[in-house]
Amino acid sequence: MKTEPIVIVGGGFAGLRAALDLDKISGHDLTAPIYLIDPSPDHIFTPTLYELMSSAMPRVATIPFEDILDGKHIHFIQERVDHIDIDRRHVITRSHRLSFGD
């Protein structure tokens with residue numbers, strides 16, 4: 001049984017965690033591709049105020065999505081989402097039209 005692609009918009013903490021958890025749970029058994037869309041090539045980590053005050057941690061750290069997703073079953077698309085068509089179940093970027101399921 002083929003399932004619809006999983007499209008995650010935004011590579012912040014929630015989007016990235018969702019993609020990684022879906023990949024971990026499903027792995028090779030997933031019959032639908034996972035797409036993560038973000039306009040930046042990097043995941044941006046901003047430490048909490050407590051972490052900043054208690055260590056010599058930098059104010060902002062960036063980690064390339066390419067490094068985070070290496071070896072995972074997640075397709076990264078570095079683009080902005082132009083439109084989400086709920087009725088037709090499409091996420092549209094400049095060069096992609098991705099269908100998604102229920």
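Reader: Hey, which residues does Leu16 touch, not counting residues up to four places away in sequence?

Author: Leu16 touches Gly10, Gly11, Leu36, His43, Phe65, Ile68 and Leu69, leaving aside residues up to four places away in sequence. Contact here means heavy atoms within 4.5 Å. This is a predicted model, where local features need pLDDT of at least 70, side-chain atom pairs count only at pLDDT 80 or more, and totals for chains, interfaces and linings use all residues. Residues are numbered from 1 along each chain as its sequence is written, and side-chain values use heavy atoms, with hydrogens and water left out.

Reader: Ok, and which residues make up the largest nonpolar core?

Author: That core has ten residues: Ile8, Leu16, Ala19, Leu20, Ile34, Leu36, Phe65, Ile68, Leu69 and Ile74. A nonpolar core is a set of buried Ala, Val, Leu, Ile, Met, Phe, Trp, Tyr and Cys residues joined through side-chain atoms within 4.5 Å. Buried means under 20% relative accessible area, exposed over 50%, and partly exposed in between (1.4 Å probe, protein chains only).

Reader: Which elements give two or more residues to it?

Author: Those are α1 (13–26), β2 (34–37) and α3 (65–68). The largest share, three residues, comes from α1. Helices (H or I, at least four residues) and strands (E, at least two) are DSSP runs, numbered from the N terminus.

Reader: Which residues of α1 are buried?

Author: In α1, the buried ones are Gly15, Leu16, Ala19, Leu20, Asp23 and Ser26. Seen down the axis of α1, they fall within an arc of 150°, so they line one face of the helix. The arc is that of the directions from the helix axis to the C-beta atoms.

Reader: Why would residues three or four places apart point the same way?

Author: An α-helix has 3.6 residues a turn, so they do.

Reader: What's on the face of α1 turned away from its buried side, and what covers the buried residues?

Author: The face turned away carries the exposed residues Ala14, Lys24 and Ile25. What covers the buried residues of α1 includes β1 (6–9), β2, β3 (42–45), α3 and β5 (74–77).

Reader: New topic: is His90 buried or exposed?

Author: His90 is buried, with a relative accessible area of 15%. This residue sits in strand β7 (residues 90–93). Its side chain is joined to that of Ser99 by a polar contact of 3.4 Å. A polar contact is a pair of N or O atoms within 3.5 Å; within protein, one must be able to donate a hydrogen and the other to accept it, and residues adjacent in sequence count only if both atoms are side-chain atoms.

Reader: And where is Arg88?

Author: Arg88 is in the loop between β6 (81–85) and β7, and at 62% relative accessibility Arg88 counts as exposed.
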